[in-house]
Every structure is written in C-alpha cells, then in structure tokens.
Amino acid sequence: MNFDKFKLDTKIIAGIQAIGYSSPTPIQLEAIPHILEGRDLMGLAQTGTGKTAAFVLPVLQRLLTSARRSSVRVLIISPTRELTEQTHQTIAKLGKETKLKSTCIYGGMGMQPQITAVKRGVDIIAACPGRLLDHINKGTVCLSGIEVLVLDEADQMFEMGFLQDIKNIIKHLPKKRQTLLFSATMPDDIRELAKDVLHDPVTVQVGDTRPAPTVSHTFYPIEQGSKTALLKNILENTETGPVIVFTRTKRRSKTVAQQLEKSGFGATALHGDLTQGKRQKALDGFRNGIHKILVATDVAARGIDVRGISHVINYDIPDTALAYTHRIGRTGRAWDKGDAFTFVTGEDKYIERSITKTLGDEPKYCTIAGFNYSAPEVEQEAGRKHRSASRNNSGQSRRIKKSHGRARTGFPGSTGNRERIFID
Ligand code: AMP
C-alpha cells in the first residue's frame with residue numbers, strides 16, 4: 001500500500017518521497033480519506049503513530065485545490081512549543097514543493113517577528129494557545145478566514161489547563177469550518193469539547209492508548225539515592241543509540257546531565273528554565289548526535305521527534321500512566337524498536353500499578369548483578385570509576401546480567417522543584 005490511493009497532488013507526493021515515507025501508517029490510512037472529503041474528525045491515536053502527517057497531507061491538498069486567499073486558512077493548535085515547531089517542520093518538509101507557507105506562534109520569544117511573518121502572508125499557523133490569544137487580543141492575528149482547525153494532543157492541552165484558552169480562541173473562528181481533533185485519550189472534558197466543536201465527526205481510532213507495541217518495558221527497583229549510579233551502570237553496559245533520560249524536576253535534569261557529562265557520557269539537559277534558544281540548541285545537539293544523551297523534563301516529552309532513539313530511561317517515574325505513554329512515545333516511533341527503562345522506588349507503588357495496568361502485560365523487573373544496591377551514591381561513583389578504568393584497559397564493555405525479582409526499595413525520594421509546564 002502506498003500513498004497513491006489518496007490521489008494527492010504531485011507536489012505533495014514529491015514531499016512524501018523527499019521525507020522518505022513509503023507507505024501510510026494505520027492512522028494515515030484511516031484518517032486521510034475522511035479529511036479529504038471535508039469531514040470533521042476525532043482521531044484517537046497515541047503519539048508516534050504518524051498522526052501529524054495524517055492531518056498535514058490532506059490539509060495541504062485542500063489548500064492546493066481551492067482558491068488562494070490573502071488570510072490565514074489553517075490553524076493548528078498544540079500544547080508545547082516543541083510540538084508546534086515540529087508540526088511546522090513537517091509542513092515545511094511535506095509541503096516543500098507546494099509554495100504554501102506556515103509559521104509558528106508560541107511564547108518565550110518576541111511577538112514582533114511573529115507579527116511580521118503573519119503580515120507577509122501565511123497559509124497555515126501552528127500555535128500554542130496562550131501566545132495565540134495574546135495576538136488575537138492585540139489584533140495582530142486575524143483568524144476570520146480559517147477553513148480548517150486542528151486541535152492536536154487535546155488531552156495534553158486539557159492537562160496543561162488550556163481548555164478555556166482553546167474555547168476563547170474558537171470564538172474568533174468562523175463557524176463554518178472543518179475541525180480535526182487528535183487525542184491519545186478521551187477524558188470527559190475532551191469528550192465535551194469534541195461535542196461542542198466537531199460537527200458530525202467521523203471517529204478514527206488506531207490501536208489504543210497503550211505505548212507502541214515496538215517498545216519493551218523494564219522496571220528497575222532502586223532507592224532514590226542510588227539512581228544516578230544505576231543510570232551510569234546501565235549506560236556503561238548497554239548498547240544504545242540516542243537516549244532520553246526523563247527526570248521529574250528541572251533541577252534534577254540539570255544535575256543528572258552534569259553528572260553524566262562529568263563521567264564522559266556526552267549529555268545535555270532540556271528543561272523549562274532554559275531560554276528558547278538554549279532549548280533549541282540542546283535539541284539540535286541531540287538530533288545531530290553531538291550529545292548522545294538528553295536529560296529532559298516532561299515539557300520536552302511531547303515535542304521531541306528524533307528518529308532512532310533506542311532507549312527512554314525514566315530516572316523518575318512519570319506522574320500518570322498517560323505521561324508514561326507520552327514519554328515512551330519518543331522511542332519505538334513509526335516502526336522502529338525501542339526499550340523503556342523505568343526506575344521505581346518504594347514511593348512509586350501507586351503509579352507503578354497504574355502503568356502496569358495500562359501496559360496490559362507485566363513489565364519485566366530487572367536487578368543488576370554486581371550492582372551495590374545499598375551503597376550510597378558517592379561509593380557507587382568511586383566504584384564506577386574503578387570499573388570504568390578497568391574496562392578501558394581491557395577495551396571490553398560488560399553486558400548487563402538481568403535477573404528477575406525485586407530489589408529492596410523504599411528510600412524516601414525527594415521531588416525537589418517540580419517542572420513547570422510552559423503556558424504559552
Ligand atoms: P507523529 O506521530 O506524527 O509524531 O510521527 C511519528 C514519526 O513517524 C515521525 O518521525 C514521522 O516522521 C514518522 N512517520 C509519519 N508517517 C510515516 C510514514 N508513513 N512512514 C514512515 N514514517 C512516518
């Protein structure tokens with residue numbers, strides 16, 4: 001099955017070939033024909049399924065086949081800056097030959113360049129809700145010509161408290177339009193929103209809200225104070241491609257990245273205290289292979305689309321099973337394989353159970369033979385240096401010996417200053 005069946009414009013087909021997609025993913029197969037027909041659509045698809053192209057391709061087709069207008073015609077609203085930027089990049093790549101223009105609108109940078117870009121004329125705006133509302137209120141963006149509205153990752157926008165902002169934005173859009181709503185889950189509030197904003201929608205569901213089947217899941221019982229030593233041990237003894245390590249707090253992401261960097265692992269941090277420029281630099285460095293390890297907070301979880309991430313390591317377990325699915329969605333994307341490692345402490349029992357329920361199957365539990373689970377961090381560190389020296393001498397890397405069963409857990413974990421999610 002290739003993309004021919006959608007009868008897309010040859011300029012769009014050229015974009016598909018350039019980006020390297022050979023056949024549509026299930027969500028694309030299901031959703032594209034309905035969107036091309038002009039139907040409203042509710043897409044229940046987890047992250048990593050190819051849902052961005054599922055709406056970008058038919059939207060480009062619509063723009064090419066109907067008369068060009070001076071105003072903005074398509075609005076895509078996403079929860080995070082990174083996701084907004086990524087959607088814009090996907091449009092740029094798939095629409096390269098079409099001459100259609102898109103721009104991004106999100107906070108953390110000046111409004112003037114955004115105003116200038118919109119004034120110059122764009123067909124598509126990809127935006128975060130808060131900054132878009134600022135523009136609407138200042139009269140610097142006019143949405144009266146919008147033909148298609150896309151609400152991407154609606155459940156995440158709801159979790160981040162954007163629901164009212166979205167309702168306010170929608171008041172400024174024409175009533176007659178096509179609306180597409182994508183969400184990994186369907187909590188009641190999103191169902192209510194869908195009822196209000198979608199007209200006679202088709203529902204398309206791909207798989208369920210579980211993490212992609214291409215990802216394997218392993219839990220590592222550990223005490224809070226030994227996590228960094230365990231992380232280094234795993235990184236040292238596991239063959240990996242690019243790795244994302246998730247921490248719960250900004251401070252911890254910074255500290256862990258520094259500790260890894262000091263031990264020669266090539267890591268960088270990505271968290272909400274960094275300026276937009278630094279966030280982009282960290283992401284670019286990771287994407288280009290300058291840093292093999294990205295230590296991130298959840299703010300980054302939704303936006304990162306780096307092919308070939310081999311491992312997601314949850315240094316801190318996420319707060320919800322949904323957040324687990326989103327973090328894990330950074331690996332095993334499209335048809336790649338991936339591994340998800342999660343450190344669990346005695347305090348994580350509740351969320352551990354909830355994730356296990358979402359997974360359907362029991363995850364593997366792993367304890368590492370030879371790892372000193374009762375040693376404080378500093379001793380582990382000294383031990384690691386010793387081991388790493390002997391490893392360098394022999395030029396050999398040891399593989400992890402996995403054993404099933406649980407280690408002693410229960411060290412009280414501190415959560416420190418919790419990540420603030422950006423309200424743009
Ligand atoms: P998304 O769920 O939109 O974030 O997409 C996840 C990943 O799948 C991205 O890296 C896309 O570029 C990739 N992708 C999307 N559609 C296809 C396709 N038809 N074939 C191969 N990869 C794809």
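**Chat notes**

Trainee: Let's start with E153, is it buried or exposed?
Mentor: E153 counts as buried because its relative accessibility is 3%. The cut-offs are under 20% relative accessible area for buried, over 50% for exposed and partly exposed in between, with a 1.4 Å probe and protein chains only.

Trainee: Before we go on, what should I keep in mind about the model and the numbering?
Mentor: The model is predicted, so local features need pLDDT of at least 70 and side-chain atom pairs count only at pLDDT 80 or more, while totals for chains, interfaces and linings use all residues. Residues are numbered from 1 along each chain as its sequence is written, and side-chain values use heavy atoms, without hydrogens or water.

Trainee: Fine. Where does E153 sit?
Mentor: E153 is in the loop between β5 and α7 (154-159). Helices (H or I, at least four residues) and strands (E, at least two) are DSSP runs, numbered from the N terminus.

Trainee: Which other residue has a phi near 50°?
Mentor: K7, also not a glycine, has a positive phi near 50°. K7 lies in the segment before α1 (10-19), and K7 is exposed, with a relative accessible area of 67%.

Trainee: New topic, holes. How many cavities of 30 Å³ or more are there?
Mentor: Two. A cavity here is a set of points, on a 1 Å grid over the protein atoms alone, where a 1.4 Å probe fits but cannot get out. Points are joined across faces, edges and corners, and the volume is the space filled by probe spheres set on them.

Trainee: What lines the second largest cavity?
Mentor: Eleven residues line it, and A45, K51, E153, S183 and A184 lie nearest its centre. A lining residue has an atom within 4 Å of a point.

Trainee: What's its volume, and how do the residues split by class?
Mentor: The second largest cavity has a volume of about 40 Å³. Its lining has three nonpolar, four polar and four charged residues. Ala, Val, Leu, Ile, Met, Phe, Trp, Tyr, Cys and Pro count as nonpolar, Asp, Glu, Lys and Arg as charged, and the others, Gly among them, as polar.

Trainee: Now the sheets. In what order do the strands of the one with β1 run?
Mentor: The order is β3-β4-β2-β5-β6-β1-β7, an open sheet of seven strands with parallel pairing. Its edge strands, β3 (102-105) and β7 (202-205), each pair on one side only. From one strand to the next the twist averages 15°, with axes fitted to C-alpha atoms and angles running from 0 to 180 degrees between N-to-C directions. Two strands pair if DSSP finds at least two bridges between them.

Trainee: What does β1 pair with, and what covers it?
Mentor: β1 pairs in the parallel sense with β6 over four bridges, and with β7, again over four bridges. G43 stands opposite F182 in β6, while M42 faces T203 in β7. Both faces of β1 (residues 41-44) are covered, with L41 and G43 buried on one side and M42 and L44 on the other.

Trainee: And the sheet with β8, what's its order?
Mentor: β10-β11-β9-β12-β13-β8-β14, an open sheet of seven strands with parallel pairing. β10 (267-270) and β14 (364-365) are the edge strands, each pairing on one side only. β8 (residues 215-221) and β14 share two bridges in the parallel sense, and T218 stands opposite K364.

Trainee: Last one: how many aromatic pairs are there?
Mentor: Seven, counting Phe, Tyr and Trp rings (the six-membered one for Trp) with centres within 6.5 Å; planes under 30 degrees apart are stacked, over 60 edge-to-face and the rest tilted. The F55 and F182 rings have centres 5.3 Å apart and planes at 45°, so that pair is tilted. F55 in α3 (residues 51-65) and F182 in β6 (residues 178-183) are 127 residues apart in the chain, and both are buried.

Trainee: What about F371 and Y373?
Mentor: Their ring centres are 4.9 Å apart with planes at 75°, so the pair is edge-to-face. F371 is buried at 7% relative accessibility, and Y373 is buried at 16%. Elsewhere, Y220, Y315, F341 and F343 form one aromatic cluster.

Conventions:
1 Å grid on protein atoms, 1.4 Å probe; cavity = no way out; pocket = protein on both sides within 12 Å on 5 of 7 lines; lining within 4 Å.
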